[in-house]
Amino acid sequence: TQSTRPQRLLGAVQKNATRGDPRSVVQAIDQFCRQKEWAMNVGDEKGCILDSVVSEVNPATVLELGTYCGYSTVRIASLLPPHAKLITLEFNPDFAAIARQVIAWAGLEDKVHLIEGASGDWIPKMTEQFGVKTFDLVFLDHWKDRYLPDTMLMEECGLLRKGSILLADNVICPGTPDYLEYVRSSPRYESQYFKSHLEYTKVEDGLEKSVFLG
Ligand SMILES: O=C(NCCO)c1cc(-c2ccc(F)cc2)cc(O)c1O
Ligand SMILES: [Mg+2]
């Protein structure tokens with residue numbers, strides 16, 4: 001039977017990366033995506049912007065919406081201080097199964113809680129299930145039409161505090177126009193666009209960093 005792209009991506013990690021070495025896992029995925037098959041990881045160019053935001057925020061609590069194969073999960077978790085927690089939500093069970101193995105190969109399973117399910121169902125349960133009061137950083141990289149409703153839901157559930165950072169992938173390609181309009185026009189956010197390119201291509205894309213003002 002045919003393998004899937006996520007399965008082939010995992011194979012490239014297991015073949016080319018060193019167990020317990022997150023940077024080699026990131027490098028193996030980028031190499032696979034440049035030389036073999038494109039895949040929708042945030043990628044190396046936008047990944048450097050992600051790294052700089054994570055390092056600047058130095059978050060104790062991170063929420064990632066959209067795990068896919070765990071590429072950005074590994075980038076973020078490898079930069080977290082000890083005892084910091086990253087919760088990542090993935091709707092697609094096949095993606096989640098691959099991501100668990102990629103995260104384990106990087107040796108980061110102790111820093112990461114991967115939840116299989118819908119963001120809309122799980123965001124209201126964060127506090128009761130994980131004892132999280134608020135998130136210092138949220139990385140939005142899931143279904144593009146869920147960015148805005150899930151951001152409003154996080155506000156309603158009190159999961160954002162003054163200074164919480166939202167970092168959103170793909171605000172140009174595929175695009176999240178309603179989300180962009182919201183964070184750029186709302187007096188409750190201070191937004192900044194980091195121009196870049198769609199992973200592994202020359203197509204324009206970028207990350208939007210938005211500070212919740214409370
Ligand atoms: O749907 C996406 N993520 C949620 C599901 O896991 C996603 C899609 C694309 C993309 C796809 C097809 C194309 F032609 C251009 C872009 C890129 C991304 O970075 C993404 O995160
Ligand atoms: Mg993306």
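This is a predicted model: local features need pLDDT of at least 70, side-chain atom pairs count only at pLDDT 80 or more; totals for chains, interfaces and linings use all residues.
**Exercise 1.** State which protein atoms are the donors of the magnesium ion (ligand 2), and where they lie along the chain.

Step 1. Along the chain, the donors of the magnesium ion follow the spacing D-x27-D-N.

Step 2. Aspartate 141 belongs to the loop between strand S4 (137-140) and helix H8 (147-156), whereas aspartate 169 belongs to the loop between strand S5 (165-168) and helix H9 (171-175). The two aspartates are 28 residues apart, and the pair links distant parts of the chain.

**Exercise 2.** Identify the side chains with an N or O atom within 3.5 Å of an oxygen atom of ligand 1, and determine how much of ligand 1 the protein buries.

*Solution.* Step 1. For the side chain of glutamate 199, the distance from an N or O atom to an oxygen atom of ligand 1 is 2.5 Å. For asparagine 170 the corresponding value is 2.7 Å, and for aspartate 169 it is 3.2 Å.

Step 1. Ligand 1 taken alone exposes 480 Å², of which the protein buries 73%.

**Exercise 3.** Describe the surroundings of ligand 1 by residue and by class.

*Solution.* Step 1. Ligand 1 sits in the largest pocket.

Step 1. The residues around ligand 1 include Trp38, Met40, His142, Trp143, Lys144, Cys173, Pro174 and Leu198.

Notes:
Residues are numbered from 1 along each chain as its sequence is written. Chains are lettered from A and ligands numbered from 1 in the order in which they are written. Side-chain values use heavy atoms; hydrogens and water are left out. A residue is near a molecule or strand if one of its heavy atoms lies within 4 Å of it. A polar contact is a pair of N or O atoms within 3.5 Å; within protein, one must be able to donate a hydrogen and the other to accept it, and residues adjacent in sequence count only if both atoms are side-chain atoms. Accessible areas come from the Shrake-Rupley method with a 1.4 Å probe; for residues, only the protein chains shown count as cover. On a 1 Å grid over the protein atoms alone, a cavity is a set of points where a 1.4 Å probe fits but cannot get out, and a pocket is an open set with protein on both sides within 12 Å along at least five of seven lines; lining residues have an atom within 4 Å of a point. A molecule sits in a cavity or pocket if more than half of its atoms lie within 2 Å of its grid points. Ala, Val, Leu, Ile, Met, Phe, Trp, Tyr, Cys and Pro count as nonpolar, Asp, Glu, Lys and Arg as charged, and the others, Gly among them, as polar. Donors are N, O and S atoms within 2.8 Å of the metal (3.2 Å for Na, K and Ca); water is not among the atoms, so sites may look incomplete. Helices (H or I, at least four residues) and strands (E, at least two) are DSSP runs, numbered from the N terminus.
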